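Here is a short note for a colleague who is opening this structure for the first time. Please keep the viewer at hand while reading the points.

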Amino acid sequence: MAFLSDTLARVKPSPTIAVTTKAAELKAAGRDVIGLGAGEPDFDTPENIRDAAKRAIDAGKTRYTAVDGIPELKKAICEKFARENGLTYQPNQITVGTGGKQTLYNALMATCNPGDEVIIPAPYWVSYPDMVLLAGGTPVPVVATIDTDFKLTPAQLDAAITPKTKWFIFNSPSNPTGAGYTRAELRALCDVLLKHPHVWIMSDDMYEHLVFDDFEFTSPAQIEPALYDRTLTCNGVSKSYAMTGWRIGYAAGPAHLIKAMGTIQSQSTSNPCSVSQYAALEALTGPQDFLAPNRKTFQRRRDLVVSMLNAAQGITCPKPEGAFYVYPDISGCIGKTSAAGTKIINDEVFATALLEETGVAVVFGAAFGLSPNFRVSYATADEVLREACTRIQTFCATLT
Ligand SMILES: Cc1ncc(COP(=O)(O)O)c(C=O)c1O
C-alpha cells in the first residue's frame with residue numbers, strides 16, 4: 001500500500017515559495033542576493049492595526065471564535081463591500097478564513113466534483129490550478145498573451161466554457177502580471193457569462209487597493225447584478241494592509257455556498273486566528289489614509305522597474321495597471337548564451353542563470369502558465385530595485 005496519497009501526486013509545491021527559499025539559502029551562504037520573488041508588501045502593518053491586536057490579546061480575545069469569523073468582523077466586511085464596491089451582503093453571506101488562500105480553497109473543496117472544469121486565465125497565480133486539483137476538479141488554463149496585455153478576451157472565455165465548467169476564476173489586478181481589466185473589458189466578459197448560467201464566478205480581488213494612475217477597480221457582481229447570485233467575491237487584508245503574516249481573508253456570496261465553505265473550514269482549521277480577526281477589524285474600520293501613499297510608492301516603483309527592464313536587451317515589459325508585479329517577456333534572450341556559458345533555452349534556465357550569475361532572484365514564467373517570461377515583485381526599496389534592474393541589464397547585455 002502506498003503511504004502517500006494520490007491527491008499529493010496531483011499537486012506540486014509552490015514555485016514562488018521555492019524561489020524565495022533558494023534565494024534565502026544563497027544569502028545565508030554569504031552570497032549577495034536580491035530577492036524579487038516574494039509576493040508581499042515590504043511595509044510594516046500600520047500601527048493602529050498592531051495596537052488593536054495588542055488590545056485584543058490583553059482583553060482575552062484568545063479563545064476559539066465562531067468558525068467562519070466573529071460577528072463584528074463580518075459586519076465590517078459587509079460595510080466594506082457596500083462602501084467600496086456598491087455590493088450589498090448580509091453577515092450570513094460572509095466567510096472569514098486563514099488568508100485569502102483558505103477561502104478560495106474552501107470554495108473549491110465545497111463545490112468541485114471529479115470532471116468539473118475550472119477556467120483559469122493564464123498567466124495565473126500559481127495556487128489556482130493546484131487548489132483545483134486538490135479539490136478533485138480539472139483546471140482549464142486559457143492563455144492571454146502579451147498581445148492583449150495578458151487579459152482574456154470575451155471570445156477566449158466563450159470558447160473555453162463547456163457543459164462541465166463549474167467556475168471561472170477572475171483575478172484583477174492580476175498576480176503575476178499586474179494586469180487590471182477596465183470596466184468595459186470586464187463588462188464584455190460579464191456579457192459572455194450571462195449567456196452561460198451554469199458557470200459560477202470566483203472573483204479574486206486581493207489587489208483591489210493597489211491600482212495606479214486613474215485605473216478604476218471593478219468586480220463582476222458590481223458590474224453585472226444578474227451575476228450576483230453565482231459570484232463569490234474574494235478579498236483579504238494581506239496585500240492592501242501589509243498583513244500577509246496575520247492570515248485573514250474573506251469572501252462574500254450566496255448563503256448556501258458560504259455555509260458549505262464553513263463546513264469545510266469547521267472540519268479542517270476551525271476559526272482563523274482570533275487576534276488577527278481583531279486586527280483585520282481595525283484594518284477595515286480604522287483610518288484608511290495610508291493606502292494612498294502606499295499606492296503612490298508602488299506606482300513609482302512600477303515606473304522605475306518598467307523603464308529599466310525595457311532598457312534591457314531582449315526584454316519587453318508591459319506597464320501594468322496594478323498589484324506589485326511586472327511580467328516581462330524575454331523572447332529576445334532565448335537561444336543566447338550567458339557570460340558563464342549557460343545556454344538560455346527557456347525561462348526557467350534564464351531565472352536560474354540570473355540568480356547564479358548576478359544574485360537576482362525572480363520567478364520563471366512557466367510557473368504561471370506563460371513563457372518565456374519572468375515575474376518581478378517590486379515590493380522592495382527603490383535603490384534595491386535599481387540595483388537589481390542594473391544587474392538584469394548587464395546580464396542581458398552580455399548574452400551572446
Ligand atoms: C491573486 C492572489 N490571491 C490570493 C492570494 C492569497 O493571499 P493570502 O496571503 O491572504 O492567503 C495571493 C497571495 O499571493 C494572491 O496573489
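1. Where does D213 lie? D213 sits in the loop between β6 and α9 (220–223). This is a predicted model, and in it D213 has a positive phi of about 55° although it is not a glycine. D213 counts as exposed because it has 10 C-beta neighbours inside 10 Å, and the cut-off for exposed is 12 or fewer.

2. D149 is partly exposed, because 17 other C-beta atoms lie within 10 Å. For background, most residues other than glycine have a negative phi, and most peptide bonds are trans.

3. Next, the peptide bonds. The bond from A122 to P123 is cis, with omega near 0°. P123 belongs to the loop between β3 (117–122) and α6 (127–134). The bond from N175 to P176 is cis too, with omega near 25°. P176 is in the loop between β5 (165–171) and α8 (183–194).

4. Which residues come nearest to the ligand? They are G99, G100, K101, N175 and S238, out of 13 residues around the ligand. Helix α5 (residues 99–111) gives the most to this shell, with 3 residues. By class, the shell holds 2 nonpolar, 9 polar and 2 charged residues.

5. Now strand β7, residues 231–236. Is β7 mostly covered or mostly open? β7 is mostly covered: 6 of its 6 residues are buried. T231, T233 and N235 point one way, while L232, C234 and G236 point the other way. In general, side chains in a regular strand alternate between the two faces of the sheet.

6. β7 has paired strands to trace. Strand β6 (residues 200–204) pairs with β7 in the parallel sense, over 4 bridges. I201 has T231 of β7 as its bridge partner. Strand β8 (residues 249–252) pairs with β7 in the antiparallel sense, again over 4 bridges. There, the bridge partner of T233 is A252 in β8.

7. Another sheet is open and has 3 strands, in the order β9-β12-β11. Its pairing is antiparallel. Which strands are at the edges? They are β9 and β11, and each pairs on one side only.

8. Strand β12 (residues 374–377) is covered on both faces. F374 and V376 lie on one side, R375 and S377 on the other, and all are buried. β9 and β12 pair over 2 bridges in the antiparallel sense, and Y325 stands opposite S377. Strand β11 (residues 363–364) is likewise joined to β12 by 2 bridges and runs antiparallel to β12. Here the bridge partner of F364 is F374.

9. The overall layout comes next. How is the protein chain divided? There are two parts: domain 1 (6–44 + 290–397) and domain 2 (62–285). The C-alpha centres of domain 1 and domain 2 lie 26 Å apart. Their contact takes 33 residues from domain 1 and 31 residues from domain 2.

10. Look at the side of domain 1 that touches domain 2. At least two residues of that side come from each of α1 (6–10), α2 (15–28), α12 (291–310) and β9 (325–326). The largest share, 5 residues, is from α12. By class, this side of domain 1 has 16 nonpolar, 8 polar and 9 charged residues.

11. One annotation should be read with its source. An unreviewed UniProt entry places the feature "domain: Aminotransferase class I/classII large" at residues 32–392. In the model, this span is 38% helix and 14% strand. The end C-alpha atoms of residues 32–392 lie 14 Å apart.

12. Last, the start of the chain. M1 is found in the segment before α1. Why does M1 count as exposed? M1 has 2 C-beta neighbours inside 10 Å, so it counts as exposed. The C-alpha atoms of M1 and I330 are separated by 46 Å. Along the chain, M1 and I330 are 329 residues apart.

Definitions and conventions
Residues are numbered from 1 along each chain as its sequence is written. This is a predicted model: local features need pLDDT of at least 70, side-chain atom pairs count only at pLDDT 80 or more; totals for chains, interfaces and linings use all residues. A residue is buried if 20 or more other C-beta atoms lie within 10 Å of its own, exposed if 12 or fewer, and partly exposed in between; C-beta atoms are placed from the backbone. Two strands pair if DSSP finds at least two bridges between them. A residue is near a molecule or strand if its C-beta atom, placed from the backbone, lies within 6 Å of it. Ala, Val, Leu, Ile, Met, Phe, Trp, Tyr, Cys and Pro count as nonpolar, Asp, Glu, Lys and Arg as charged, and the others, Gly among them, as polar. Domain bounds come from an automatic or database domain assignment. Two residues are in contact if their C-beta atoms, placed from the backbone, lie within 7 Å. UniProt positions are given in the numbering used here, feature names are shortened, and annotations may be inferred rather than shown by experiment.
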